Amino acid sequence: MTGFVLDLATFRSAIDRVEAEGLAAEVGLSQPEWREQVRGSFVVERSGDRVTLRGSVQTRAHLECVRCLREFDLPLDAPLVVYAERAGSTSREEQDALERDDHMLFHDGRRLDLREIVRETLLLELPITPRCREDCPGLCPKCGADLSLGPCGCMP
């Protein structure tokens, strides 16, 4: 097993647990926002060629606060549920529709590649307006001083 490409032959036929870990770049996340390892912890249920994977992925994103412009690390812990079936079990058009709608992944019978879904899951967890803390006062609109360090003097 390499990172988030799981070797299906290593799983028992019923229920198994798996831990996965890899560099952010291995799942398609760019530097410098993604500096840390991505970790996943999953319960895998396998029945023939059908695989159900439930768990979560964790990492930290390096972001800039929209209020004070300070850099900070935001811990992310995103739930992940994946349904997968062996490719060729349905028509190609049906497989494309199921993958496009994020209902199901398809595997080759040997490996299940989770890299793209892990990448998408973590990107969707990012806030649209990241803040270093909920009550960040931001910058003074007149002089640009960081108000988290105290009043700037130009504001009454």
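Helices (H or I, at least four residues) and strands (E, at least two) are DSSP runs, numbered from the N terminus. This is a predicted model, in which local features need pLDDT of at least 70 and side-chain atom pairs count only at pLDDT 80 or more, while totals for chains, interfaces and linings use all residues. Residues are numbered from 1 along each chain as its sequence is written, and side-chain values use heavy atoms, with hydrogens and water left out. The secondary structure of the chain comes to 2 helices and 7 strands, and from the N terminus on these elements run β-β-β-β-β-α-β-β-α.

**The chain as a whole**

- Of the 156 residues of the chain, 34% count as buried, where buried means under 20% relative accessible area, exposed means over 50%, and partly exposed lies in between (1.4 Å probe, protein chains only).
- The accessible surface of the chain comes to about 9,500 Å², and 50% of that surface belongs to carbon and sulfur atoms; accessible areas come from the Shrake-Rupley method with a 1.4 Å probe, and for residues only the protein chains shown count as cover.
- Among contacts (heavy atoms within 4.5 Å) between residues at least 6 apart in sequence, 51% join residues at least 24 apart.

**The nonpolar core**

- In soluble globular proteins, nonpolar side chains tend to be buried together.
- A nonpolar core is here a set of buried Ala, Val, Leu, Ile, Met, Phe, Trp, Tyr and Cys residues joined through side-chain atoms within 4.5 Å, and of the 32 residues in the largest one, F4, F42, L114, V118 and L122 touch the most other members.
- To this core, β2, β3, β4, β5 and α2 each supply at least two residues, and the largest share, 6 residues, comes from β5.

- V27 and V118 are 91 residues apart in sequence, with their C-alpha atoms 6.8 Å apart in space.
- Apart from neighbours within four places in sequence, V27 is in contact with F4, V38, R115, V118 and R119.

**Polar residues in the strands**

- S56 is found in strand β4 (residues 50–64), where S56 is buried with a relative accessible area of 17%.
- The side chains of S56 and Q58 are joined by a polar contact of 2.6 Å; a polar contact is a pair of N or O atoms within 3.5 Å, and within protein one must be able to donate a hydrogen and the other to accept it, while residues adjacent in sequence count only if both atoms are side-chain atoms.
- Not counting residues up to four places away in sequence, S56 touches R39, G40, S41, F42, D77, A78, P79 and L80.
- E85 has its place in strand β5 and is buried, with a relative accessible area of 11%, and a polar contact of 3.2 Å joins its side chain to that of R50.

**Loop residues that are partly exposed**

- P32 lies in the loop between β2 (15–22) and β3 (38–47) and is partly exposed, with a relative accessible area of 45%.
- The C-alpha atoms of P32 and L63 are separated by 9.0 Å, although these residues are 31 residues apart along the chain.
- L69 lies in the loop between β4 and β5, has a positive phi of about 65° although it is not a glycine, and counts as partly exposed at 47% relative accessibility.

**Cysteines**

- A disulfide is a covalent bond between the sulfur atoms of two cysteines.
- With a disulfide taken as a pair of cysteine sulfur atoms within 2.5 Å, the count comes to 0 disulfides.
- The sulfur of C136 is 3.7 Å from the closest cysteine sulfur, in C68, which is too far for a bond, and C136 counts as buried at 3% relative accessibility.
- The sulfur of C143 is likewise too far for a bond, at 3.7 Å from the closest cysteine sulfur, in C140, and C143 counts as partly exposed at 46% relative accessibility.
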